[in-house]
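Dear colleague,

I am handing over the structure below, followed by notes on what was found in it. Please read the notes alongside the coordinates.

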Amino acid sequence: MSGFVNWLQHSTPGLLLLALVGIAILLLMIIKLKVEPFIALLVIGLLTALAAGIPVQTLVGSAQKPGESLLETGFGGILGHITAIIGLGTILGAVLEASGGAQVLTRSLLRALGENRAPLAMGLAGLIFGIPVFFDVGIFVLAPLVYVAAKQGGRSILLYCLPLLAGLSVTHAFVPPHPGPVAAAALIGVDLGWVILMGAVCAIPAWFIGGVLFSSWIGKRIDIPVPEEMLAAVRAEDEERDEPGLGLVIGIIAVPLVLILAGTFGSIWLPAGSTAAGIASFVGTPAVALTIAVLLAVWLLGYRRGMTKTQLAELGAASLRPVGMILLVVGAGAFYGAVLRATGIGDAIAATLHDAGLPVIFAAYVISCGLRIAQGSATAAIAATAAIIGPTIKDVGYSQPQLALLVAAICAGSIIASHVNDGGFWIVSRYFGISVKDTLRTWTVLETILSVVGFAVAAVLMAVI
């Protein structure tokens, strides 16, 4: 027995067996037993650590040394980095949504591009407004405009909703401050400015091929009328209100992205130690950049447009409620990654990938795809994949752009083949009146195209950078 334990804890095959068994049990808990991903990741991390021989005090600490355990540092390191970013990004999106910014943006694009290009306008609206808001919130806010545009155009609702969904999906998957790319960046160890840049480079071609070309093709072949009950609801709720200007909306969305990019590239281009470099570094810190954007949004879209302090406080509190579980999942994923590093499993995986000649970026994508298809949650897939891959690249010497492309590959895998175990699948089906069969033929295929194209761009750039 002692010989088997020694083999399990100290040999490459034994450590790989531990990793495979852990992932299998993780999926079993999430899929079959319906355990929350946060709890499943936490349990698997603890069991893997104990099976690998990590001492109990090292794993969970003691009263004499609080805060030094693997459990606490695994959770604390990642949450200290991303909590403010995700929280501020969520509030920013809520203020933009409540002010009517989404409707202003979409209507302006519809007017500018004309009725014949309404599908493209919906896609651009999703691409832009998807930056500060969660995927499902973007659907809830913009779906009424899809109904009206599709009814006026007299064509299949797919021609209007699929471009919108593609824009919302790629920004949610690839671009900070969304939880997935923020978490992956922290777990992999890459600056958010590079993640924004490389994420956009991968997202835009994916959006064009999936959201414009595929959506136009499939929308002409499957005719789905606008749900009449949805149109009735739009008419009942339609009312005139004082909405913000388009420039103001786009400006506030752009502020945090521009500041973060300025911080990233200011540290490269500006003289080290100069005042300008210090200012760029400060305002370009993601938490600071998002704080500035939130304060601008609260003042310009909130107080100046008649919102009271109570309304804004309630808006912020309501928007933050869904964030708790996201942070717990990411924290548990980071703890699992810390376990893989501490046990040597990460080194064993890295050595195996190297010996097999399998590129890390491809392995990361495949793992993320597998986790996504198996359990449905994109955030859980990203957290678990980054936790597995992170320890394998610590000595590889990747540059920041290469690490950002690795993050993009993980995020691309997390959106592939959305099907019945994904909440987004049912939101799309319900809100746009699409049958399950047609949702599989349209939305599921769209997500797969977005995933494959996003990864292909990342892989090509990885080969040349």
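Helix axes here are lines fitted to C-alpha atoms over the stretch in contact, and angles run from 0 to 180 degrees between N-to-C directions; helices themselves are DSSP runs (H or I, at least four residues), numbered from the N terminus. This is a predicted model, in which local features need pLDDT of at least 70 and side-chain atom pairs count only at pLDDT 80 or more, while totals for chains, interfaces and linings use all residues. Residues are numbered from 1 along each chain as its sequence is written, and side-chain values use heavy atoms, with hydrogens and water left out.

On those terms, helix α19 (residues 360–375) packs with helix α23 (residues 436–464) at an angle of about 165 degrees, their axes lying 10 Å apart. That makes α19 roughly antiparallel to α23 (the word applies to angles over 145 degrees). In contact (heavy atoms within 4.5 Å), I361, F362, Y365 and R372 of α19 meet residues of α23 including E447, F455 and M462.

Elsewhere, V170 sits in helix α9 (residues 158–174) and is buried, with a relative accessible area of 0% (buried means under 20%, with a 1.4 Å probe and protein chains only). Beyond neighbours within four places in sequence, V170 is in contact with L127, V175, A203, A206, W207 and L450.

As for disulfides (pairs of cysteine sulfur atoms within 2.5 Å), a search of the whole structure finds 0. The sulfur of C202 is 9.6 Å from the closest cysteine sulfur, in C411, and so too far for a bond.

Best regards

Methods: Helix = DSSP H or I, 4+ residues; strand = E, 2+ residues; numbered from the N terminus. Buried < 20%, exposed > 50% of the residue type's maximum accessible area, 1.4 Å probe, protein only. Parallel < 35°, antiparallel > 145°, perpendicular 65-115°, else oblique.
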